[in-house]
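Here is my note on the two-chain model. Please read it with the structure open.

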Amino acid sequence: MTLATGKVGVICCSGEDLPEGTISRVATRLVLEKLRPEETVTLCLPLFLAGGEDERAFARVFPTIAVDGCSKKCAEAGTRRFSGKPVATIVVSEVMKKYPKLKAKSREKLNSEEMGLAMRVAEEIAEKVDEVLCKTNK
Amino acid sequence: MQNEQVSLQSMRGDKVAIISCAGMDKALGSVARACAFKVVERLRPNETLLICIPPLVADVKPYSELIKKYPVILIDGCAERCATKIAAKNGAKLRGRVFIPQSVQKHGLKPNTASDIGPEGEELAEKIAEEIAVQIDKLLGK
């Protein structure tokens with residue numbers, strides 16, 4: 001891995017247990033590919049947890065944002081345990097409370113409503129990225 | 001609540017636990033994940049439990065107990081073999097393993113990207129899921 005300045009690592013839970021885990025994954029990819037492609041990288045949580053030293057080193061040096069599907073907050077806990085506390089944590093189930101009309105049911109493929117939710121989560125991640133980089137650059 | 005659902009499910013008879021890599025930055029991780037869902041939601045919904053990797057490392061029950069109680073089939077997306085490493089470290093009863101790069105070679109199908117595995121990726125996931133379903137039947141003596 002090549003370390004670069006001005007980057008934020010986004011670590012999502014990608015959990016298979018709940019639709020919120022899938023939303024965390026899709027939202028993270030939306031940030032990486034569409035909303036903040038130049039400012040973000042993703043760290044693979046399973047690799048991070050399995051002992052990936054490059055991922056852990058990145059998270060020790062650069063700011064990270066954890067994106068968790070549910071209140072277990074596995075991405076946040078894993079990052080804290082192996083590298084350091086993330087600068088922010090976004091919990092999908094909490095974001096969903098702001099949009100009670102939008103429901104998440106599928107774990108495999110998101111429908112248009114669920115994609116809408118993923119985009120809302122992605123926008124919150126992007127806002128945090130901007131905040132973090134703004135602070136870092138001051 | 002989800003934990004309770006998993007516990008109740010596991011009481012209903014013989015099961016096989018599936019652990020998939022869910023890797024974020026490779027298309028093969030997305031294929032692994034797609035295979036797991038095809039097996040658990042469509043092909044063998046009553047015979048399988050899908051085990052989420054992150055809670056395993058955090059030792060969240062009942063996940064950490066279920067992988068010791070039931071035979072486990074692993075799906076690794078890349079050479080890092082994270083699913084295998086994490087499952088082995090947590091004492092899983094390993095009984096089967098799928099290595100997606102090998103399946104890519106075997107079936108000659110190449111997934112598109114991590115965000116969209118594309119038609120070949122879908123077909124690949126379907127084929128691997130069917131192979132996993134056969135492994136499950138063997139493990140359960142069906």
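1. Start with a strand pair in chain B. Strand S3 (residues 71-76) of chain B pairs with S4(B) in the parallel sense, over six bridges. One residue pair to look for is B:Leu74 and its bridge partner in S4(B), B:Arg97. Keep in mind that this is a predicted model.

2. Now widen the view to the whole sheet. Chain B has an open sheet of four strands, in the order S2-S1-S3-S4, with parallel pairing. Strand S2 (48-51) and strand S4 (93-99) of chain B are the edge strands, and each pairs on one side only. From one strand to the next, the twist averages 25°. As background, strands of a sheet pair through backbone hydrogen bonds, either parallel or antiparallel.

3. Which strands of chain B does helix H2 (residues 27-43) of chain B lie across? They are strand S1 (16-20), S2 and S3 of chain B. The helix runs at about 160° to S1(B). Helix H6 (residues 100-107) of chain B packs on the sheet too, where it touches S3 and S4 of chain B. The direction of H6(B) makes about 45° with that of S4(B).

4. H6(B) also meets another helix. Two packed helices are described by the angle between their axes and the distance between the axes. The axes of H6(B) and helix H7 (residues 118-139) of chain B come within 11 Å and cross at roughly 105°. Angles of 65 to 115 degrees count as roughly perpendicular, and H6(B) and H7(B) are therefore roughly perpendicular to each other. On the H6(B) side, the residues are B:Ser103, B:Val104 and B:His107. On the H7(B) side, they are B:Leu124, B:Lys127 and B:Ile128. The residues of this contact divide into three nonpolar, two polar and one charged.

5. Is B:Pro101 buried, exposed or partly exposed? B:Pro101 has 14 C-beta neighbours inside 10 Å, so this residue counts as partly exposed. Leaving aside residues up to four places away in sequence, B:Pro101 touches B:Leu28 and B:Cys78. B:Leu28 is 73 residues away along the chain, yet the C-alpha atoms of B:Pro101 and B:Leu28 are separated by 7.3 Å.

6. Next, helix H5 (residues 82-89) of chain B. Its buried residues include B:Cys82, B:Ala83, B:Thr84, B:Ile86 and B:Ala87. What covers the buried residues of H5(B)? The cover comes from both chains: it includes H2 of chain A, together with S1, helix H3 (53-57), helix H4 (63-69), S3 and S4 of chain B. After H5(B) comes B:Gly91, with a positive phi near 75°.

7. That leads to the contact between the chains. How many residues does each chain give? Chain A gives 27 residues, and chain B gives 27 residues. On the chain A side, helix H1 (19-35), helix H2 (45-50) and helix H4 (74-82) each supply at least two residues. H2(A) gives the most, with five residues. The chain A side divides into twelve nonpolar, seven polar and eight charged residues.

8. Chain A as a whole. Its secondary structure comes to six helices and four strands. From the N terminus on, the elements run β-α-β-α-α-β-α-β-α-α. A compact globule of 138 residues would have a radius of gyration near 14 Å, and chain A agrees, with 14 Å. Along the principal axes, the C-alpha trace of chain A spans about 40 × 30 × 20 Å. Of the 138 residues of chain A, 56% count as buried. Among contacts in chain A between residues at least 6 apart in sequence, 67% join residues at least 24 apart.

9. Chain B as a whole. Its secondary structure comes to seven helices and four strands. Along the sequence, chain B follows the pattern α-β-α-β-α-α-β-α-β-α-α. The radius of gyration of chain B is 14 Å, close to the 14 Å that the globule rule gives for 142 residues, so chain B is as compact as a globular protein of that length. The C-alpha atoms of chain B fill a box of roughly 40 × 35 × 25 Å along the principal axes. Of the 142 residues of chain B, 48% count as buried. Among contacts in chain B between residues at least 6 apart in sequence, 64% join residues at least 24 apart.

Technical notes. Residues numbered from 1 in each chain as written. Chains lettered and ligands numbered in written order. Predicted model: local features only at pLDDT ≥ 70, side-chain atom pairs only at ≥ 80, totals over all residues. Contact = placed C-beta atoms within 7 Å. Nonpolar A, V, L, I, M, F, W, Y, C, P; charged D, E, K, R; others polar. Pairing = 2+ DSSP bridges. Axes fitted to C-alpha atoms, helices over the stretch in contact; angles between N-to-C directions. Parallel < 35°, antiparallel > 145°, perpendicular 65-115°, else oblique. Rg over C-alpha atoms; globule rule 2.2 N^0.38 Å. Buried ≥ 20, exposed ≤ 12 C-beta atoms within 10 Å, placed from the backbone.
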